[in-house]
Amino acid sequence: MAAPQDVHVRICNQEIVKFDLEVKALIQDIRNCSGPLSTLTELNTNVKEKFQQLRHRIQELEQLAKEQDKESEKYLLLQEVENHKKQMLSNQTSWRKANLTCKIAIDNLEKAELLQGGDPLRQRKTTKESLAQTSSAITESLMGISRMMSQQVQQSEEAMQTLVNSSRTILDANEEFKSMSGTIQLGRKLITKYNRRELTDKLLIFLALALFLATVLYIVKKRLFPFL
């Protein structure tokens with residue numbers, strides 16, 4: 001039966017994949033959006049919510065990784081976290097490009113509609129207002145994306161530091177294992193040497209005993225049977 005923590009990790013990974021796909025679908029909707037700006041604003045709001053949910057799940061997976069008992073499992077999970085963060089950064093870049101593409105398309109559409117008829121002064125005024133509104137929306141969106149990317153970079157640096165610390169711990173453990181292996185090999189050699197010494201001592205004791213018995217028998221023979 002799977003441990004509760006393993007189940008939590010699996011569920012967290014599934015939700016990360018789900019939110020990632022939802023973000024990609026919304027970015028595609030923005031890329032295909034032709035207006036008005038209210039529709040684009042609504043789509044961007046949905047994207048921000050999905051990014052927020054995605055970020056929370058990645059942070060949750062990172063916390064689960066840090067709570068792992070085995071360094072190898074912790075290392076692998078932190079690598080997954082880093083991959084998810086890189087994917088989120090890629091989505092944020094695509095989001096920014098999709099916004100620029102959409103706003104340029106909306107601006108061109110408004111210009112085309114204005115050029116089809118109406119008072120030139122009103123057209124000029126409306127065009128300026130439209131450009132100012134579009135520029136303001138683009139600036140706000142870019143600032144928001146810039147803040148999110150800055151936070152993501154900081155989190156990536158923290159994750160990288162954690163990976164470095166985990167690698168250092170694994171290397172230290174490996175060095176300890178090597179040292180223990182050397183000690184074990186030395187102990188094995190000493191035990192082998194001791195066993196050989198013990199066998200030699202037994203053999204010498206046996207020879208000494210045999211020599212003693214032979215001497216005793218010789219003396220007894222000379223005393224009891226001198227004519228032999």
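Arg57 and Glu60 sit three residues apart in helix 2, about one turn of the helix. Helices here are DSSP runs of H or I with at least four residues, strands are E runs of at least two, and both are numbered from the N terminus. The model is a predicted one, so to speak of local features takes a pLDDT of at least 70, side-chain atom pairs count only at pLDDT 80 or more, and totals for chains, interfaces and linings use all residues. Residue numbers start from 1 along each chain as its sequence is written, and side-chain values use heavy atoms, with hydrogens and water left out.

The side chains of Arg57 and Glu60 meet in a salt bridge, at 3.5 Å from N to O. The term stands for a side-chain nitrogen of Lys or Arg within 4 Å of a carboxyl oxygen of Asp or Glu. Arg57 is partly exposed at 25% relative accessibility, and Glu60 is partly exposed at 26%. For these labels, buried means under 20% relative accessible area, exposed means over 50%, and partly exposed is what falls in between, with a 1.4 Å probe and protein chains only.

The structure holds six salt bridges in total. Another of them links Asp20 and Lys24, whose closest N and O atoms are 2.9 Å apart. Both residues belong to helix 1 (residues 4-32) and are four residues apart, about one turn of the helix. Asp20 counts as buried, at 14% relative accessibility, while Lys24 is partly exposed, with a relative accessible area of 34%. In helix 3, Lys74 and Glu71 are three residues apart, again about one turn of the helix. Their side chains meet in a salt bridge of 3.6 Å, N to O. Lys74 counts as buried at 15% relative accessibility, whereas Glu71 is partly exposed at 26%. Salt bridges that share partners also join Glu15, Arg57 and Glu60 into one network.

On the aromatic side, a search of the whole structure finds one pair. The rings of Phe51 and Trp95 have centres 5.4 Å apart and planes at 35 degrees, so the pair is tilted. The rings of Phe, Tyr and Trp (its six-membered ring) pair if their centres lie within 6.5 Å; planes under 30 degrees apart count as stacked, over 60 as edge-to-face and the rest as tilted. Phe51 lies in helix 2 (residues 37-66) and Trp95 in helix 3 (residues 71-115), so the pair ties together parts that are 44 residues apart in sequence. Both partners are well covered by the burial cut-off: Phe51 is buried with a relative accessible area of 0%, and Trp95 is buried with 1%.

Phe51 turns up again in the largest nonpolar core. Of the 27 residues in this core, Ile30, Phe51, Leu54 and Leu61 touch the most other members. Helix 1, helix 2 and helix 3 each supply at least two residues of the core, and its largest share, ten residues, comes from helix 2. A nonpolar core is a set of buried Ala, Val, Leu, Ile, Met, Phe, Trp, Tyr and Cys residues joined through side-chain atoms within 4.5 Å. Leaving aside residues up to four places away in sequence, Leu54 touches Ile16, Phe19, Asp20 and Met88; contact here means heavy atoms within 4.5 Å. Buried residues make up 26% of its 228 residues. Among contacts with a separation of 6 or more, 77% are between residues 24 or more positions apart. The accessible surface comes to about 15,800 Å², with 60% belonging to carbon and sulfur atoms; such areas come from the Shrake-Rupley method with a 1.4 Å probe, and for residues only the protein chains shown count as cover.

An unreviewed UniProt entry lists a "transmembrane region" at residues 203-220. This span is 100% helix and 0% strand, and its end C-alpha atoms lie 26 Å apart. UniProt positions follow the numbering used here, feature names are shortened, and annotations may be inferred rather than shown by experiment.
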